[in-house]
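Subject: Structure for you to look at

Hi,

Here is the structure I promised. Please open it next to this message; my notes follow below.

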Amino acid sequence: MKVILKQDVKKLGSKGDIVEVAEGYGRNFLIPHKLAAPASAENVNIARAQAASKKRKKQQETDEAKLLAAQLDKVSVDIHVRIGEGGKLFGSVTGKDVADALSKKGIDVDKRKIFIKGEVTGIGVYDAVIKVHPEITAVIKVNVVEG
């Protein structure tokens with residue numbers, strides 16, 4: 001029996017998949033528990049249309065992320081910190097500091113998606129990696145200055 005899954009089912013498939021299952025499993029478990037629908041011609045056409053729509057939406061999100069990553073690659077930010085004796089920082093430079101500096105430039109990025117490469121130990125230029133999309137990252141320059 002062919003069914004279209006309405007939800008993810010372990011060891012069977014994910015939402016929207018058309019799968020072949022045993023007759024009893026489909027009639028007695030999947031359909032009554034609203035985990036699947038029978039694979040009639042109408043339901044198959046609806047499932048394919050939804051899959052195509054989902055694919056287009058995912059492609060659009062990826063394209064937007066690539067565009068944002070290209071813009072971010074050209075950006076550098078200055079972060080002003082207090083310096084103590086021997087050139088040591090008071091506190092630390094975190095993703096929140098980078099996110100605040102970016103928001104002043106009109107770019108909103110979640111602080112949890114920013115990772116600074118290496119440890120910020122003093123004045124200098126550091127690389128920060130921003131995870132724009134699950135598959136796309138951008139690298140910006142973070143200039144740590146006294147002030």
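Start with the sheet of three strands. It is open, its order is β2-β1-β3, and its pairing is antiparallel. β2 and β3 are the edge strands, and each of them pairs on one side only. On average, neighbouring strands in this sheet are turned by 40° against each other, direction ignored. Please keep in mind that the whole model is predicted.

Now look at one pair in this sheet. β1 and β2 are joined by three bridges and run antiparallel. Val3 has Val19 in β2 as its bridge partner. Helix α2 packs on this sheet and touches β1, β2 and β3. The direction of α2 makes about 35° with that of β1.

The other sheet

Next comes an open sheet of four strands. The order is β4-β7-β6-β5, with mixed pairing. β4 (76–81) and β5 (114–116) stand at the edges; each has a single partner strand, so one side of each is left without a neighbour in the sheet. Direction ignored, neighbouring strands here are turned by 30° against each other on average.

As a reminder, strands of a sheet pair through backbone hydrogen bonds, either parallel or antiparallel. Here are the pairs, one by one:

- β4 with β7: parallel, over six bridges. His80 has Val145 in β7 as its bridge partner.
- β6 with β7: antiparallel, joined by nine bridges. Gly124 stands opposite Val144 in β7. A hairpin of two residues links β6 to β7.
- β5 with β6 (residues 124–133): antiparallel, joined by three bridges. Ile116 stands opposite Ala128 in β6.

Which helices pack on this sheet? Helix α2 (residues 41–73) does, touching β6 and β7 (136–146). The direction of α2 makes about 25° with that of β7. Helix α3 (residues 95–104) packs on the sheet too, and touches β4, β5, β6 and β7. The direction of α3 makes about 120° with that of β4.

Thr62 sits in helix α2. Is Thr62 buried or exposed? Its relative accessibility is 11%; buried means under 20%, so Thr62 counts as buried. Leaving out residues up to four places away in sequence, Thr62 touches His133 and Ile136.

Now take the view from the strand. His133 lies in β6. His133 has a relative accessibility of 12% and counts as buried as well, by that cut-off of under 20%. Apart from neighbours within four places in sequence, His133 is in contact with Glu61, Thr62 and Ala65.

The largest pocket

The largest pocket holds about 330 Å³ of space. It is lined by 13 residues, and the closest to its centre are Ile4, Leu5, Gly16, Ala47 and Gln50. Which element gives the largest share of the lining? α2 does, with six residues. β1 (2–5) and α2 each supply at least two residues of the lining. By type, the lining residues divide into six nonpolar, three polar and four charged.

Two lysines in loops

Two backbone angles are worth checking on your screen. Lys11 has a phi near 60°, which is a positive value in a residue other than glycine. Lys11 is in the loop between β1 and β2 (18–20). Its relative accessible area is 89%; exposed means over 50%, so Lys11 is exposed.

Lys34 also has a positive phi, of about 60°, although it is not a glycine. Where is Lys34 found? It is in the loop between α1 (23–30) and β3 (36–38). With a relative accessible area of 55%, Lys34 is exposed.

That is the list. Write back with any questions.

Best wishes

Conventions
Residues are numbered from 1 along each chain as its sequence is written. This is a predicted model: local features need pLDDT of at least 70, side-chain atom pairs count only at pLDDT 80 or more; totals for chains, interfaces and linings use all residues. Side-chain values use heavy atoms; hydrogens and water are left out. Two strands pair if DSSP finds at least two bridges between them. Axes are lines fitted to C-alpha atoms, for helices over the stretch in contact, and angles run from 0 to 180 degrees between N-to-C directions. Contact means heavy atoms within 4.5 Å. On a 1 Å grid over the protein atoms alone, a cavity is a set of points where a 1.4 Å probe fits but cannot get out, and a pocket is an open set with protein on both sides within 12 Å along at least five of seven lines; lining residues have an atom within 4 Å of a point. Grid points are joined across faces, edges and corners, and a volume is the space filled by probe spheres set on the points. Ala, Val, Leu, Ile, Met, Phe, Trp, Tyr, Cys and Pro count as nonpolar, Asp, Glu, Lys and Arg as charged, and the others, Gly among them, as polar. Buried means under 20% relative accessible area, exposed over 50%, partly exposed in between (1.4 Å probe, protein chains only).
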